[in-house]
Amino acid sequence: MLFSELGLGSEVLRAVEEVGYTTPTPIQEKAIPWVLQGRDVLGCAQTGTGKTASFTLPMIEILGRGRAKARMPRSLILEPTRELAAQVAENFELYGKYHKLNMALLIGGESFGDQIKKLERGVDVLIATPGRMMDLFDRGNILLTDIKVLVIDEADRMLDMGFIPDIERIVSLLPRKRQTLFFSATMPPEIKRLADKFLTTPEEVTVSAPASTATTVAQHLLVVNEQDKREALRRLIATDDVKNAFIFCNRKKDIAVVHGSLVKHGFNAGALHGDMVQSKRTETLEAFKAGSIDLLVCSDVAARGIDISDVSHVFNFDTPHHSEDYVHRIGRTGRAGKLGRAFTIATPEDGKLVQAIEKLIGKEIARFTIEGIETAELSFDADPRRRGRGAPKKDEPRRSGRDRGERTERAPRVERPAHVHVEPEAAEAAIEAHQHKRERHEPRHDRNRDRSEPRQDTRPEGRGEFRRDEHRRDEYRRDRDDRRDRRPRRDEDDDRGPPVVGFGDDVPAFILRAARPPKVSAVEIETVDGVEA
Ligand code: AMP
């Protein structure tokens with residue numbers, strides 16, 4: 001099928017041609033005609049399928065026929081993260097270059113003033129994260145009574161992040177007579193309930209079985225003891241021809257540790273997670289896209305849906321707690337027909353998590369070993385959340401799960417040819433080469449930087465009262481969302497203590513806030529948990 005057969009106008013077709021797309025993807029082929037007919041659409045599709053263009057292209061066509069009034073946007077696209085919202089805005093600019101549509105991007109971490117000015121001028125398309133959107137609405141800067149088209153994108157991620165109460169409130173403020181496009185990678189019952197509530201006789205469009213992994217990604221699993229994980233990661237990076245990679249951690253404090261450790265060992269790494277100020281998030285992501293950072297240590301929330309088509313590797317420094325996250329994580333590589341490689345570094349306690357992932361993807365992940373790093377066995381009755389607590393201290397002899405008296409079962413049988421060895425000498429040489437490369441490229445002022453100074457990447461910039469207030473409000477929102485959402489926020493699962501009883505739904509925020517680990521610099525990291533960085 002051709003784009004010209006979908007009912008799109010000549011300006012949109014010209015823009016699409018200039019972007020270089022020749023044929024529509026399956027979701028575009030199925031969804032665009034329904035959207036153009038004004039129908040509600042329930043789309044079950046992941047990022048990477050061309051989903052964004054499946055709603056932006058027909059929306060440009062529809063909105064091209066009218067004009068916006070001040071503070072009364074005509075369409076609203078809700079995205080779970082700032083990065084995804086910014087990506088959709090880029091798509092609008094690209095495909096809408098021959099239309100005079102006004103667009104406003106309302107995301108946290110950016111100045112309210114500029115966003116309010118845009119709203120005053122009248123916008124056709126509002127692209128927003130739910131929190132900032134509600135802030136501006138509550139301040140009286142937006143009227144939602146003229147919304148004709150609503151898009152709820154990545155609905156399952158909205159659920160994970162605790163945004164559903166905000167979404168329900170936003171939808172209750174919209175006109176009943178509107179067109180609604182609702183996309184989700186998976187359709188758990190809570191998402192289905194929302195779809196039934198928000199959509200009117202929708203056309204259902206499903207493009208690939210939820211939670212299927214791309215065939216272009218070679219997947220590997222290493223099982224090592226907790227204290228060997230960082231060394232295993234370094235060896236893999238140094239020996240597996242890594243051009244660039246996402247390195248996923250389950251907890252924010254581990255992002256800081258892994259990032260610091262990689263930097264200390266001479267790797268060109270950056271960190272990205274939801275608690276960083278927006279300017280730093282954008283800067284880090286741009287640096288990664290531009291290739292000035294090779295390795296991005298990140299959380300699920302920060303990297304979900306990011307569209308960078310040329311990433312050679314994904315490393316799961318931690319096995320994800322939720323098996324669908326595994327699919328999303330490894331889907332960051334092997335995009336746009338390119339080949340990718342994914343390595344998951346599991347510890348014995350992750351047995352049940354690995355089992356759940358293998359059940360979801362319907363196959364065993366090929367086992368991988370590194371010469372010189374002890375391969376451990378998965379245990380299927382350990383609690384993965386207690387991972388690492390029983391790790392031996394620095395000078396204690398290393399013991400396998402079996403030695404510690406844990407009852408272990410055999411790991412699922414895998415084809416042995418999948419075992420790949422990395423020679424220790426080759427790894428050391430490659431790591432050394434990395435360090436030399438970095439020293440050559442490091443600017444002089446950075447080389448001389450006092451390494452005992454804390455790195456600044458996770459701190460608010462503190463430029464004046466306004467930014468500090470904004471940061472406090474963001475913290476408040478996170479706490480509020482935590483309270484509202486019955487499901488834990490995934491990237492912080494392990495930071496949360498046992499449930500608080502006796503307060504009903506009104507648990508004071510300060511009780512729920514996890515004790516913050518001390519900020520660590522690359523040098524201080526050496527003493528974290530008594531384990532060498
Ligand atoms: P998305 O699923 O919207 O995140 O899109 C994933 C990637 O596919 C993006 O890099 C798009 O630029 C690209 N893309 C979208 N539609 C097409 C198409 N029809 N042909 C080729 N690439 C496309």
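This report describes the ligand surroundings and several salt bridges of the structure shown above.

The model is predicted, so that local features need pLDDT of at least 70 and side-chain atom pairs count only at pLDDT 80 or more, while totals for chains, interfaces and linings use all residues. Residues are numbered from 1 along each chain as its sequence is written, and side-chain values use heavy atoms, with hydrogens and water left out.

Around the ligand stand 13 residues, the closest being Tyr-21, Gln-28, Gly-48, Thr-52 and Asp-307, where a residue is counted if one of its heavy atoms lies within 4 Å of the ligand.

| Protein atom | Ligand atom | Distance |
|---|---|---|
| Thr-23, backbone N or O | nitrogen | 2.9 Å |
| Thr-49, backbone N or O | oxygen | 3.0 Å |
| Thr-52, polar side-chain atom | oxygen | 2.5 Å |

Taken alone, the ligand exposes 500 Å², of which the protein buries 75%; these accessible areas come from the Shrake-Rupley method with a 1.4 Å probe.

The structure holds 23 salt bridges, each defined as a side-chain nitrogen of Lys or Arg within 4 Å of a carboxyl oxygen of Asp or Glu. One of them joins Arg-251 and Asp-254, whose closest N and O atoms are 3.0 Å apart; Arg-251 is buried at 16% relative accessibility, and Asp-254 is buried at 14%, buried meaning under 20% relative accessible area, exposed over 50% and partly exposed in between (1.4 Å probe, protein chains only). Another salt bridge, between Arg-367 and Glu-358, spans 2.7 Å from N to O, and both of these residues are buried.

How values were computed. Polar contact = N/O pair within 3.5 Å; in protein donor to acceptor, adjacent residues only side chain to side chain.
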